[in-house]
Amino acid sequence: MNHSSTDLTRLLDLIERYFDCALTDEEETNLRKLIATTDISHPAVDEARALMGFRRPIPQRASAPAPRRRYAGLRAGLSIAASAAILLSLALYVLLPTSTPQADFKCIAYANGCEITDEDDVLRLIADDIREFNDGAGEAGESFRDELGDIAPIIDNFESNPILPEL
């Protein structure tokens, strides 16, 4: 007598009764154990595995991520933080009142080694820095989405393959 054929027949019967909602709690528990541990490959068994939340892990390719891509988000984040610090310092320097009288107040900025005292030019520089900051924030957002796109299949695989206790 072929043991594998008997197991498949029994398993298919349990699966059919499972989909007809005709199993007892004990039989359903037994079916789940069988589905989780059997090596039998059959379309009905594979469908039952998928619907019950058991999937065979998909083999992952062993390839190392490119270092440039791996740290792209970090570089973008650091450049954004540096830009923000410069902008904040410049804004505080320009906008906060000083202890000198208002008549002696001058708007001064330093760019490329040059002193800029024209208030319109200083504000233009600040606006340029803010635009650059927004561009960097956009790049960081894209990098973050790319990283999540790389991680999402791993999380999905982990969540769809529950760790079962050995029986």
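Which side chains meet in a salt bridge of 2.4 Å, N to O? They are those of aspartate 128 and arginine 131. A salt bridge here is a side-chain nitrogen of Lys or Arg within 4 Å of a carboxyl oxygen of Asp or Glu.

Before going on, a word on what you are looking at. This is a predicted model, in which local features need pLDDT of at least 70 and side-chain atom pairs count only at pLDDT 80 or more, while totals for chains, interfaces and linings use all residues. Residues are numbered from 1 along each chain as its sequence is written, and side-chain values use heavy atoms, with hydrogens and water left out.

Let's stay with aspartate 128. Three residues separate aspartate 128 and arginine 131 in helix 6, so about one helical turn lies between them. (Helices are DSSP runs of H or I with at least four residues, numbered from the N terminus.) Aspartate 128 also forms a salt bridge with arginine 124, with the closest N and O atoms 3.5 Å apart. This pair is four residues apart in helix 6, again about one helical turn. An α-helix has 3.6 residues a turn, so residues three or four places apart point the same way. Aspartate 128 is partly exposed at 29% relative accessible area, as are arginine 124 at 44% and arginine 131 at 49%. By these terms, buried means under 20% relative accessible area, exposed over 50%, and partly exposed in between (1.4 Å probe, protein chains only).

Now turn to helix 3, which covers residues 43–52. Its buried residues are Val45, Ala48, Arg49 and Met52. Just after helix 3, glycine 53 takes a positive phi of about 95°.

Helix 3 has a charged pair too. Arginine 49 and aspartate 46 meet through their side chains in a salt bridge (2.9 Å, N to O). They are three residues apart in helix 3, which puts about one helical turn between them. Arginine 49 is buried, with a relative accessible area of 6%, whereas aspartate 46 is partly exposed at 35%.

How many salt bridges does a search of the whole structure find? The search finds six. Elsewhere, Asp13, Arg17 and Glu27 are linked in a network of salt bridges.

Conventions:
Helix = DSSP H or I, 4+ residues; strand = E, 2+ residues; numbered from the N terminus.
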